[in-house]
Amino acid sequence: MIRILQFLVLAFGLKELFNAMEYHKQKKKKWVIASLCMGIFACACAIISITGIL
């Protein structure tokens with residue numbers, strides 16, 4: 001169950017990074033920054049959790 005949630009968070013992070021690219025095309029600077037922060041944070045947390053560092 002936990003492994004599924006880890007990959008779900010990783011997928012969410014990647015989706016947010018792709019959303020940031022779409023917002024960049026639409027010239028929505030605040031949304032780009034917010035999506036990048038969410039995406040990077042989610043991916044980092046997922047990778048740390050998957051590798052078992054914490």
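Helices here are DSSP runs of H or I with at least four residues, numbered from the N terminus. The structure shown in these views is a predicted model.

**View A. Glutamine 6 in helix α1.** Glutamine 6 lies in helix α1. Its relative accessible area is 11%, so the residue counts as buried, the cut-off being under 20%. Leaving aside residues up to four places away in sequence, glutamine 6 touches Ala46, Ser49 and Ile50.

**View B. Crossing of helices α1 and α2.** Two packed helices are described by the angle between their axes and the distance between the axes. Helix α1 covers residues 2–25 and helix α2 residues 29–51; their axes come within 8 Å and cross at roughly 155°. Because angles over 145 degrees count as roughly antiparallel, α1 is roughly antiparallel to α2. The crossing of the two helices, α1 and α2, is left-handed. The residues of this contact comprise 18 nonpolar, seven polar and two charged.

**View C. Buried residues of helix α2.** Val32, Ser35, Gly39, Ala42, Cys43 and Ala46 are buried in α2. The buried residues of this helix, α2, pack against α1. An α-helix has 3.6 residues a turn, so residues three or four places apart point the same way.

**View D. Span and end of helix α2.** The 23 residues of α2 should span 33 Å at 1.5 Å a residue, and this agrees with the end C-alpha atoms, which are 33 Å apart. Just after α2, glycine 52 adopts a positive phi of about 80°.

Technical notes: Residues are numbered from 1 along each chain as its sequence is written. This is a predicted model: local features need pLDDT of at least 70, side-chain atom pairs count only at pLDDT 80 or more; totals for chains, interfaces and linings use all residues. Side-chain values use heavy atoms; hydrogens and water are left out. Axes are lines fitted to C-alpha atoms, for helices over the stretch in contact, and angles run from 0 to 180 degrees between N-to-C directions. Angles under 35 degrees count as roughly parallel, over 145 as roughly antiparallel, 65 to 115 as roughly perpendicular and the rest as oblique. A crossing is left-handed if the near helix is turned anticlockwise from the far one by less than a right angle, and right-handed if clockwise. Ala, Val, Leu, Ile, Met, Phe, Trp, Tyr, Cys and Pro count as nonpolar, Asp, Glu, Lys and Arg as charged, and the others, Gly among them, as polar. The expected span of a helix is 1.5 Å times one less than its number of residues. Buried means under 20% relative accessible area, exposed over 50%, partly exposed in between (1.4 Å probe, protein chains only). Contact means heavy atoms within 4.5 Å.
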